[in-house]
Amino acid sequence: MNYIGSKLSLLEFLEESINKVVDKNCDTFCDLFAGTGIVGSYFKRKGYKIIANDIQYYSYVLNRHYIGNHKELSFLKLTKELSDLKNIEVKNRKKFVCDYLSNLKGVKGFIYKNYCLGGTKDKEEPRQYFSDENGMRCDAIRQKIENWKEKNLISDDEYYFLITSLVESIDKYANTASVYGAFLKKLKRTAQNNLILKPAELIINDQDHEVFNEDINTVAGKIAGDILYLDPPYNQRQYATNYHMLETIAKYDNPEIHGKTGLREYQNQKSLYCSRTQVKKAFKDLILKAKAKYIFLSYNNEGLMTLDDIKEIMSLRGKYGNFTKEYNRFKADKSENRNYTANKTTEYLHYVVCNN
Ligand SMILES: C[S@@+](CC[C@H](N)C(=O)[O-])C[C@H]1O[C@@H](n2cnc3c(N)ncnc32)[C@H](O)[C@@H]1O
């Protein structure tokens, strides 16, 4: 997923830098601002036990699947409803179930009625986040997944796999420049294609992992690990508003929405790490309560906290250091078509070797 602050292109830099600092006896890696789960997934593949957390529910879902799921999904109970599943080899069942869902007839549910032109054209705020067809497909798929869960036809692991597949897939058909803070006036090309549910990748290994959906300053007091990796928001852009659509598809809770973009209520997901006046206090509290041997922090040179702020706070726990890398930042320009222009920024990986 194209996610603000994704570390997809920095994974090797992170690993190489972390390996220069940590000792050989580390086996737990905590990724507590987990976002897409790409960092945790990478270190899960390297054999670590992962503890993941994020305040957004869609992110919890992604991490609950990419991190939490680590055994093959057999869809055993679903054979009651999809009898052909019995004839499918277990490793191919994920795709079979996704294909079945992709072929459902669309229905006019919450997404169609509130975020597609067909459902909103006569309302005060017409919206076009998806084509009518994709809004209806999304509703049909989401309702079927919930219905299977209510009828106890799928396990929790299977449920999170399916919702992850939907969140990842629908994002590719969104009629937006990149995030959900606004939609485009005309349906762009990729938004015109019909939604196909692509099975999310399953990373199989024999470790048990833990996944939370809480404010980091709460979780940090409850868990302990060898390596704590922190990747907070760098600026004032709240994830709750930029990804509200994915939150609503993941939760599918018929929220009250308002305004041009159909925003859901997000007071309890407002991040202190996006507030110029509160970020330092929250970060200091986090660093002081974290239970880890090593703490790493990704941040760039344009973030709300200065390098001196970070150094001062992290040094409270022990010996501080950092690594840097030039990075191509993608920025949406203000023109109608929102072409992307790349410009450079310096990405930092700060660390502290904790004294206790
Ligand atoms: C820079 S992104 C992380 C990106 C992630 N490393 C990746 O590569 O996908 C920051 C994440 O922190 C989450 N977040 C912001 N404030 C939070 C808080 N107080 N507690 C937990 N998560 C928070 C956001 O929802 C967002 O997913």
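## Helix α12

In this predicted model, the buried residues of α12 are H244, M245, L246, E247, T248, I249 and A250. That makes seven of its eight residues, so α12 is largely enclosed by the rest of the structure.

Leaving out residues up to four places away in sequence, I249 touches I111, C138, R142, L166, V167 and I170. I249 is also among the residues with the most contacts inside the largest nonpolar core.

Just after α12 comes Y252, with a positive phi of about 50 degrees, although Y252 is not a glycine. Y252 sits in the loop between α12 and β5 (257–258). With 19 other C-beta atoms within 10 Å, Y252 is partly exposed; the cut-off for a buried residue is 20 or more.

## Helix α7

Helix α7 covers residues 132–150, which is 19 residues. From its first C-alpha to its last, α7 reaches 27 Å, close to the 27 Å expected at 1.5 Å a residue. The helix is followed by N152, whose phi is positive, near 60 degrees.

Which residues of α7 are buried? They are N134, G135, M136, R137, C138, D139, A140, I141, R142, I145 and W148. Two of these, C138 and R142, are touched by I249. The cover over the buried residues of α7 includes α4 (93–102), α5 (110–115), α6 (117–120), α8 (156–171) and α12 (244–251).

The protein chain is divided into domain 1 (1–70 + 204–233 + 271–356) and domain 2 (73–202). Taken over C-alpha atoms, the centres of domain 1 and domain 2 are separated by 29 Å. Each side brings 13 residues to the contact: 13 residues from domain 1 and 13 residues from domain 2.

On the side of domain 1 that touches domain 2, helix α3 (residues 57–68) gives the most, with six residues. By type, the residues on this side of domain 1 divide into seven nonpolar, four polar and two charged.

## The nonpolar core

The largest nonpolar core has 91 residues. Those with the most contacts inside this core are L32, F130, V167, L228, I249, I295 and F296. Helix α8 gives the most to this core, with seven residues. Domain 1 and domain 2 both give residues to this core, so it lies between them. As a general point, nonpolar side chains tend to be buried together in soluble globular proteins.

## Around the ligand

Which residues come nearest to the ligand? Of the 21 residues around the ligand, these are G5, F33, G35, T36 and S271. The shell around the ligand divides into 10 nonpolar, seven polar and four charged residues.

T36 also gives a handy reference point for distance. K91 and T36 are 55 residues apart in sequence and 24 Å apart in space, C-alpha to C-alpha. K91 has its place in the loop between α3 and α4 and counts as exposed because 12 C-beta neighbours lie inside 10 Å.

Is F75 buried or exposed? F75 counts as buried, with 23 C-beta neighbours inside 10 Å. This residue lies in the loop between α3 and α4, and F75 has a positive phi of about 50 degrees although it is not a glycine.

I38 belongs to helix α2 (residues 38–45) and is buried, with 20 other C-beta atoms within 10 Å. Not counting residues up to four places away in sequence, I38 touches S6, K7 and L8. I38 and E201 are 163 residues apart in sequence, with 12 Å between them in space, C-alpha to C-alpha.

In strand β8 (residues 318–332) you will find T324. T324 counts as partly exposed, with 14 C-beta neighbours inside 10 Å. Neighbours within four places in sequence aside, T324 is in contact with T346, E347 and Y348. T324 and F212 are 112 residues apart in sequence and 30 Å apart in space, C-alpha to C-alpha.

Notes:
Residues are numbered from 1 along each chain as its sequence is written. This is a predicted model: local features need pLDDT of at least 70, side-chain atom pairs count only at pLDDT 80 or more; totals for chains, interfaces and linings use all residues. Helices (H or I, at least four residues) and strands (E, at least two) are DSSP runs, numbered from the N terminus. The expected span of a helix is 1.5 Å times one less than its number of residues. Two residues are in contact if their C-beta atoms, placed from the backbone, lie within 7 Å. Domain bounds come from an automatic or database domain assignment. Ala, Val, Leu, Ile, Met, Phe, Trp, Tyr, Cys and Pro count as nonpolar, Asp, Glu, Lys and Arg as charged, and the others, Gly among them, as polar. A residue is near a molecule or strand if its C-beta atom, placed from the backbone, lies within 6 Å of it. A nonpolar core is a set of buried Ala, Val, Leu, Ile, Met, Phe, Trp, Tyr and Cys residues joined through C-beta atoms within 7 Å.
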